[in-house]
Structure formats: C-alpha cells, structure tokens
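Please look over the sequence and the model shown here.

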Amino acid sequence: MQECLFCSIAKGQTDTIFLYEDDELVAFRDISPQAPFHILIVPKAHMQSAATLTEDEGSILGRVFNLAARLAAQDGYTNGYRIVTNVGEEGGQTVPHLHFHVLAGRNLGWPPG
C-alpha cells in the first residue's frame with residue numbers, strides 16, 4: 001500500500017515548508033487557499049479522520065486548536081478564523097489522513113462557501 005500524501009509531508013519527504021513542526025504535528029500553507037490565510041494542521045501519526053479518533057487520541061485535539069490560535073494570531077488574524085475538518089468522501093475529505101483547515105482573512109459567513 002502506498003503511503004498517504006500527508007504521511008509523506010509529515011515525514012519531510014516533500015518540499016513542503018512547515019510553519020510549525022513538533023513531535024506530533026506539522027502546519028503548512030494549503031496549496032489551494034480558500035482565504036488569505038489558509039493553513040493545514042496535520043498530525044504526524046496516521047489517523048484516517050475525526051470519525052476514527054479514540055478517547056486516547058483526544059489530547060491531540062487540544063494541541064491542534066491551541067496551535068491554530070497561535071498561528072492565526074502570528075499572522076495578525078485576531079478577529080476570527082474558522083477551523084474545519086472534513087470526514088469521508090461525502091464530507092469533502094480528499095486526503096484520507098486527519099487534518100484541520102484554518103482559514104481567516106475574509107468574511108467566513110454561514111453556510112460555508
């Protein structure tokens with residue numbers, strides 16, 4: 001089985017420039033941004049999606065949300081941002097590895113668009 005794209009990125013096997021990296025997470029700019037600020041936060045460990053998370057993996061969610069707030073603020077986006085994770089094909093998940101989109105810099109009304 002071929003390794004997934006985000007596993008390769010997290011292992012540093014691509015030319016991706018990380019905005020952040022530690023033992024558990026990487027963050028980088030989305031290649032197809034939907035807002036002036038659009039980054040991805042990706043756990044290094046392969047997890048299929050939010051639907052497959054267990055309680056034992058719950059602590060990573062706090063780290064993801066804390067990192068999202070710090071990176072948005074570092075870029076000056078303190079008036080609001082959106083964090084999104086897609087689950088499954090019908091939910092818009094195009095890479096089968098848990099990841100979080102952080103978007104800011106434009107009005108992100110509801111419903112999303």
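Two strands pair if DSSP finds at least two bridges between them. Helices (H or I, at least four residues) and strands (E, at least two) are DSSP runs, numbered from the N terminus. The model is predicted, so local features need pLDDT of at least 70 and side-chain atom pairs count only at pLDDT 80 or more, while totals for chains, interfaces and linings use all residues. Residues are numbered from 1 along each chain as its sequence is written, and side-chain values use heavy atoms, with hydrogens and water left out.

Start with the strands. Strand E1 (18-21) and strand E2 (25-29) form a hairpin with three residues between them. E1 and E2 run antiparallel and are joined by three bridges, with Tyr20 opposite Ala27 in E2. E2 also pairs with E3, again in the antiparallel sense, over five bridges; here Arg29 stands opposite Ile39 in E3. E3 is in turn joined to E5 by five bridges, and these two strands run antiparallel. Ile41 is placed opposite Phe100 in E5. Strand E4 (82-84) pairs with E5 over three bridges, in the antiparallel sense, and Val84 stands opposite His101 in E5.

How much of these strands is covered can be judged by accessibility. A residue is buried under 20% relative accessible area, exposed over 50%, and partly exposed in between (1.4 Å probe, protein chains only). In E2, four of the five residues are buried. In E5, five of the five residues are buried, so this strand is largely enclosed by the rest of the structure. In a regular strand the side chains alternate between the two faces of the sheet. In E5, Phe100, Val102 and Ala104 point one way, His101 and Leu103 point the other way, and all are buried.

Next comes helix H2 (59-74). The buried residues of H2 are Ile60, Val64, Leu67, Ala68, Leu71 and Ala72. Seen down the helix axis, the buried residues of H2 fall within an arc of 125° (taken from the directions from the axis to the C-beta atoms), so they line one face of the helix. An α-helix has 3.6 residues a turn, so residues three or four places apart point the same way. The cover over the buried residues of H2 includes E1, E2, E3, E4 and E5. After H2 comes Gly76, with a positive phi near 90°.

The nonpolar cores can now be placed. A nonpolar core is a set of buried Ala, Val, Leu, Ile, Met, Phe, Trp, Tyr and Cys residues joined through side-chain atoms within 4.5 Å. The largest one has 16 residues, of which Phe37 and Ile41 touch the most other members. Two or more residues of this core come from each of E2, strand E3 (37-43), H2 and strand E5 (100-104). H2 gives the most, with six residues. Another core, of ten residues, lies apart from it and has Cys4, Cys7, Val26 and Val42 among its members.

Contact means heavy atoms within 4.5 Å. Leaving aside neighbours within four places in sequence, Phe37 is in contact with Arg29, Leu71, Ala72, Asp75, Tyr77, Val102, Leu103 and Ala104. Leu103, in strand E5, is buried at a relative accessible area of 9%.

Two loop residues complete the picture. Asp22 lies in the loop between E1 and E2 and counts as buried, at 16% relative accessibility. A polar contact is a pair of N or O atoms within 3.5 Å; within protein, one must be able to donate a hydrogen and the other to accept it, and residues adjacent in sequence count only if both atoms are side-chain atoms. The side chain of Asp22 has a polar atom 2.7 Å from the backbone nitrogen of Glu24, and it reaches the backbone nitrogen of Leu25 at 2.7 Å. Thr85 lies in the loop between E4 and E5 and is partly exposed, at 27% relative accessibility. A polar atom of the Thr85 side chain lies 2.8 Å from the backbone oxygen of His99.
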